[in-house]
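This report walks through one protein chain, going from its overall make-up to a few of its parts. Please keep the sequence and the 3D view beside you while reading.

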Amino acid sequence: MTDMNPEVAAQLEQQKQNCIFCKIISGAMQGKNVYDDNLMSGILDINPCTKGHTLIMPKEHYPIMPLLPPETFKHIFGKMPAIVGALKNAMLTTGLNILIANGGVAGQQSPHFLFHLLPREAGDNLDKYSFDMPGPIDEKKATEINSMLGNNLPIMMNNHFGRNPATWRKGDIHTIPYIEAIEGTKIYEDEKVTVFIPKIQMCIGHLVVYSNEEEFEFENLSEESGSHLFYTASFAATAVFEGMGAHGSNIILKTGTSNDNTEGKLAIHIIPRFGEDGLDLINPPLKNKPNLDEIQGKIKDKFFVIQHSEEKPKVAPVINLDEIKPEVINFESDGYGNTQDINENKDANTNPEDEIANAINKIINN
Ligand SMILES: [Zn+2]
């Protein structure tokens with residue numbers, strides 16, 4: 001999305017060398033890996049907020065979401081419907097949240113961009129994502145900001161389509177009944193998504209992205225629709241970030257039923273964040289830590305199929321008997337050169353979970 005100048009690139013290189021997640025990805029440090037392909041990794045959070053709390057990240061070190069190259073963005077968020085379905089399946093849960101924290105004020109704890117998958121179940125007592133209570137809002141300022149967002153987001157989306165043309169985009173939009181019933185102000189729509197300023201805003205700049213194809217389950221979306229939903233959420237976050245001078249933002253997807261989503265509807269909320277805004281969208285870790293090895297096994301089993309779904313079938317080469325030279329017959333590499341389980345690198349003298357926790361604390365406190 002963004003070209004990087006040499007100074008930023010040098011800073012990044014420095015950051016990367018101290019990055020705990022780069023170390024886990026390279027295998028220099030132990031993590032509870034559950035997913036691994038050529039562009040992204042999934043590991044269990046070692047201080048989970050819910051059973052099956054999983055972190056998804058690009059293999060390459062990018063500090064924030066807008067720095068992800070388009071092919072990485074598309075790959076990761078395109079895979080998310082399948083990953084979310086598999087995770088719900090593995091943990092036998094009814095609902096799930098995806099949480100993205102952009103910036104320290106939004107709860108970003110590491111300089112390696114990642115996001116949280118939080119499987120939800122009835123009675124888990126998480127109550128951060130109700131979004132059904134209006135915040136104290138200055139009406140005059142809200143009108144001003146909302147009109148700016150209504151103007152800027154469609155321009156940003158048009159620019160996005162200019163750079164990444166989509167064959168499905170024909171300007172032929174049929175609004176479906178559940179979208180028509182949503183209360184709020186529609187500020188953007190295309191064939192796949194609609195963006196609203198909700199009637200109940202928890203703060204100025206609060207936006208909601210809905211799918212125009214799926215009312216409830218995120219896992220039913222195609223790769224293209226999954227990634228477009230998150231592209232739209234990412235641009236909505238950038239619009240509030242730039243237009244309001246926010247210090248950060250949270251992007252929170254809700255799908256399936258939980259105590260704060262009783263109808264189980266699919267929506268992505270974008271919440272601009274400022275220092276000392278009084279919001280707290282990060283759930284505390286579970287007091288009784290579940291058995292992570294057992295959970296890792298269950299999730300890995302379900303993710304395995306997705307991880308290997310992209311492998312190209314090995315096609316037998318066509319051999320021309322007139323010029324047979326056996327040494328030049330190569331089977332194409334499947335591109336999965338780096339699937340070694342990092343548990344093999346276990347160092348018996350250290351407690352890796354403490355090591356990771358210490359390193360994360362260092363990042364937060366610096
Ligand atoms: Zn990193």
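## Terms and overall make-up

Two strands are said to pair if DSSP finds at least two bridges between them. Helices (H or I, at least four residues) and strands (E, at least two) are DSSP runs, numbered from the N terminus. The model is a predicted one, in which local features need pLDDT of at least 70 and side-chain atom pairs count only at pLDDT 80 or more, while totals for chains, interfaces and linings use all residues. Residues are numbered from 1 along each chain as its sequence is written.

The secondary structure of the protein chain comes to eight helices and 10 strands.

Strand S8 covers residues 207–211, and five of its five residues are buried. Both of its faces are covered, with Leu 207, Val 209 and Ser 211 on one side and Val 208 and Tyr 210 on the other.

Strand S7 (residues 193–198) runs antiparallel to S8 and is joined to it by four bridges, and Phe 196 stands opposite Val 208 in S8. Strand S10 (residues 267–273) is also antiparallel to S8, with three bridges between them; here Val 209 has Ile 268 as its bridge partner.

In soluble globular proteins, nonpolar side chains tend to be buried together. A nonpolar core is a set of buried Ala, Val, Leu, Ile, Met, Phe, Trp, Tyr and Cys residues joined through C-beta atoms within 7 Å. The largest such core has 78 residues, and Val 209 and Ala 236 have the most contacts inside it. Two residues are in contact if their C-beta atoms, placed from the backbone, lie within 7 Å; leaving aside neighbours within four places in sequence, the contacts of Val 209 include Val 193, Leu 229, Ala 233 and Ala 236.

Helix H6 spans residues 223–244, and because 16 of its 22 residues are buried, H6 is largely enclosed by the rest of the structure. Just after H6, Gly 245 takes a positive phi of about 65°.

## Helix H7

The buried residues of helix H7 are Ile 295, Ile 299, Phe 303 and Gln 307. An α-helix has 3.6 residues a turn, so residues three or four places apart point the same way. Among the elements that cover the buried residues of H7 are strand S1 (33–36) and helix H3 (70–91).

Note on methods: The expected span of a helix is 1.5 Å times one less than its number of residues. A residue is buried if 20 or more other C-beta atoms lie within 10 Å of its own, exposed if 12 or fewer, and partly exposed in between; C-beta atoms are placed from the backbone.
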